[in-house]
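This briefing goes through one protein chain, topic by topic. Please keep the sequence and the 3D view at hand while reading.

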Amino acid sequence: MALFAKETTPMPKASTEVHEPRSRHVSVIGPDIMIDGSVTGRENLMVEGELHGSVKLESDLRIGSHARMEATIHARNVAVEGTVIGDVSADQKIELVSTARVDGNMKAPKIVIAEGAKFRGSVDMGSEPPKSTSTK
């Protein structure tokens with residue numbers, strides 16, 4: 001092994017790393033947290049605890065299997081594993097997995113309800129009402 005080499009190792013280039021958009025970050029409300037009020041934001045949110053009030057997100061919301069929410073909810077996408085009492089709306093999709101329980105109205109372009117999920121309320125998928133086909 002030579003002490004002096006004729007080859008030089010190039011200096012590392014400055015980082016051109018692109019930071020992830022805020023919507024890829026996830027904030028968590030843990031299982032031992034209870035919030036009474038409004039939650040708003042642009043980051044994804046995972047709720048494992050209890051929330052009473054309202055949630056309005058520009059990104060995704062996941063409601064964990066042990067979570068309980070008594071709230072009006074709006075997000076880009078909503079996935080429910082736990083209990084929601086209140087209306088739920090989404091810009092893209094609402095998904096209820098088999099452990100979900102929702103007592104309220106749902107509104108989104110796509111709604112998926114898995115076998116075993118419990119739901120009581122109305123569903124609005126944004127379709128236009130049928131046009132009258134009256135003949136004169």
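From the N terminus on, the elements of the protein chain run β-β-β-β-β-β-β-β-β-β-β-β-β. That comes to 13 strands and zero helices. The model is predicted, and the protein chain averages a pLDDT of 85.

**Confidence**
- A pLDDT of at least 70 is reached by 75% of the residues.
- Over residues 11–23 the pLDDT stays under 50, and the model has seven contacts beyond four places in sequence for this stretch.

- The protein chain has 136 residues, of which 31% count as buried.
- Among contacts with a separation of 6 or more, 2% join residues 24 or more positions apart.

**Nonpolar core**
- The largest nonpolar core holds 27 residues, and Leu61, Ile63, Met69, Ile73, Val78 and Ile94 touch the most other members.
- Two or more residues each come from strand 3 (44–47), strand 4, strand 5 (60–63), strand 6 (68–80) and strand 8 (88–96).
- Strand 6 gives the largest share of this core, six residues.
- In soluble globular proteins, nonpolar side chains tend to be buried together.

**His52**
- His52 lies in strand 4, which spans residues 50–57.
- His52 counts as buried because its relative accessible area is 19%, and the cut-off is under 20%.
- Not counting residues up to four places away in sequence, His52 touches Met34, Ile35, Asp36, Gly37 and Glu70.

Technical notes:
Residues are numbered from 1 along each chain as its sequence is written. This is a predicted model: local features need pLDDT of at least 70, side-chain atom pairs count only at pLDDT 80 or more; totals for chains, interfaces and linings use all residues. Side-chain values use heavy atoms; hydrogens and water are left out. pLDDT is the predictor's confidence in each residue, from 0 to 100. Contact means heavy atoms within 4.5 Å. Helices (H or I, at least four residues) and strands (E, at least two) are DSSP runs, numbered from the N terminus. Buried means under 20% relative accessible area, exposed over 50%, partly exposed in between (1.4 Å probe, protein chains only). A nonpolar core is a set of buried Ala, Val, Leu, Ile, Met, Phe, Trp, Tyr and Cys residues joined through side-chain atoms within 4.5 Å.
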